[in-house]
Amino acid sequence: AAAQPLKGKHVLITAGPTHEPIDPVRYIANRSSGKQGYAIAAAAAEAGAAVTLISGPVTLRKPDHVDVIDVESARDMLAAVEKALPADVAIFAAAVADWRVANAGEQKIKKQAGAAVPQLALTENPDILSTIAHRTQGRPPLVIGFAAETENVIANAKAKLAKKGCDWILANDVSPATGIMGGDSNTIHLVSADGIDDWPSQSKEDAAAMLIAKIAAAIGKDRP
Ligand code: C5P
């Protein structure tokens with residue numbers, strides 16, 4: 001059998017977008033395929049971890065040997081994360097909507113000739129990564145966030161590491177020319193208190209395997 005460096009560890013992962021309702025049939029959302037988070041969940045399970053994957057709406061196949069919890073909104077995602085704790089490692093790969101509609105309709109908003117266009121008032125969603133990373137009790141020992149940036153990738157990632165209170169930030173350049181959004185490959189820079197580790201351009205599966213190897217080295221059974 002393959003090495004199981006994360007056997008006995010609980011790994012919690014968020015992935016995909018969140019959908020924030022406007023009314024029962026409409027929503028606002030971020031662009032996110034969920035591919036990177038799902039690949040990390042699969043790699044963690046392969047490494048022997050007990051994996052909880054809290055997933056926004058995506059069209060991906062559920063990875064084997066992973067406990068998948070489907071959610072829609074950011075608030076649902078935070079509640080599911082809190083319920084799934086404790087964890088040894090938490091990886092926040094979801095593209096959470098920063099805002100939700102404050103005045104979401106109970107019924108479908110009807111388009112009526114001559115009527116005023118609906119006005120959407122937005123209100124801030126909880127920051128799931130920051131909420132969990134700043135917990136004083138039950139904080140996972142290793143909290144990992146992502147920083148999808150279109151410019152000043154490293155500087156923004158360092159600022160995010162401090163602001164969010166997490167241990168590692170996986171930073172990547174998602175400017176449209178890179179094709180990373182929705183694509184199959186990823187170029188990651190791991191930013192931590194120890195400095196910056198530039199990873200090669202690789203498939204999202206290989207990036208996931210590299211992340212799991214780094215996690216295993218930090219907390220796992222094959223720690224030197
Ligand atoms: O601030 P920004 O959205 O760029 O931060 C990205 C990181 O924060 C990702 O790890 C993302 O999953 C997490 N995040 C979150 N909850 C939010 C916004 C972002 O967990 N409301």
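A polar contact here is a pair of N or O atoms within 3.5 Å. Keep that cut-off in mind as we walk through this predicted model, starting at the ligand. A backbone N or O atom of Ala94 sits 2.6 Å from a ligand oxygen atom, so this pair falls within the 3.5 Å limit. At Ile128, a backbone N or O atom is 3.0 Å from a nitrogen atom of the ligand, while at Lys160 a side-chain N or O atom lies 2.4 Å from a ligand oxygen. The residues around the ligand also include Phe92, Val96, Asp98, Gly145 and Lys164.

Now step back to the sheet. Eight strands make up an open, mixed sheet, running β5-β4-β1-β6-β9-β10-β11-β12. Its edges are β5 (67-70) and β12 (195-203), each of which pairs on one side only. From one strand to the next, the twist averages 20°. For a look at one pairing, take β10 (residues 168-173) and β11 (residues 185-192), which are antiparallel and joined over five bridges; here Trp168 stands opposite Ser192.

Next come the helices. Helix α1 (residues 35-46) packs on the sheet, and β1, β4 and β9 are among the strands touched by α1. The direction of α1 makes about 165° with that of β4.

Helix α5 (residues 204-219) spans 22 Å from first to last C-alpha across its 16 residues, close to the expected 22 Å. Its buried residues include Ala208, Leu211, Ile212, Ile215 and Ile219. Residues three or four places apart on an α-helix point the same way, because there are 3.6 residues a turn. Among the elements covering the buried residues of α5 are α1, β6 and β12.

Technical notes
Residues are numbered from 1 along each chain as its sequence is written. This is a predicted model: local features need pLDDT of at least 70, side-chain atom pairs count only at pLDDT 80 or more; totals for chains, interfaces and linings use all residues. Side-chain values use heavy atoms; hydrogens and water are left out. Two strands pair if DSSP finds at least two bridges between them. Helices (H or I, at least four residues) and strands (E, at least two) are DSSP runs, numbered from the N terminus. Axes are lines fitted to C-alpha atoms, for helices over the stretch in contact, and angles run from 0 to 180 degrees between N-to-C directions. Contact means heavy atoms within 4.5 Å. The expected span of a helix is 1.5 Å times one less than its number of residues. Buried means under 20% relative accessible area, exposed over 50%, partly exposed in between (1.4 Å probe, protein chains only). A residue is near a molecule or strand if one of its heavy atoms lies within 4 Å of it. A polar contact is a pair of N or O atoms within 3.5 Å; within protein, one must be able to donate a hydrogen and the other to accept it, and residues adjacent in sequence count only if both atoms are side-chain atoms.
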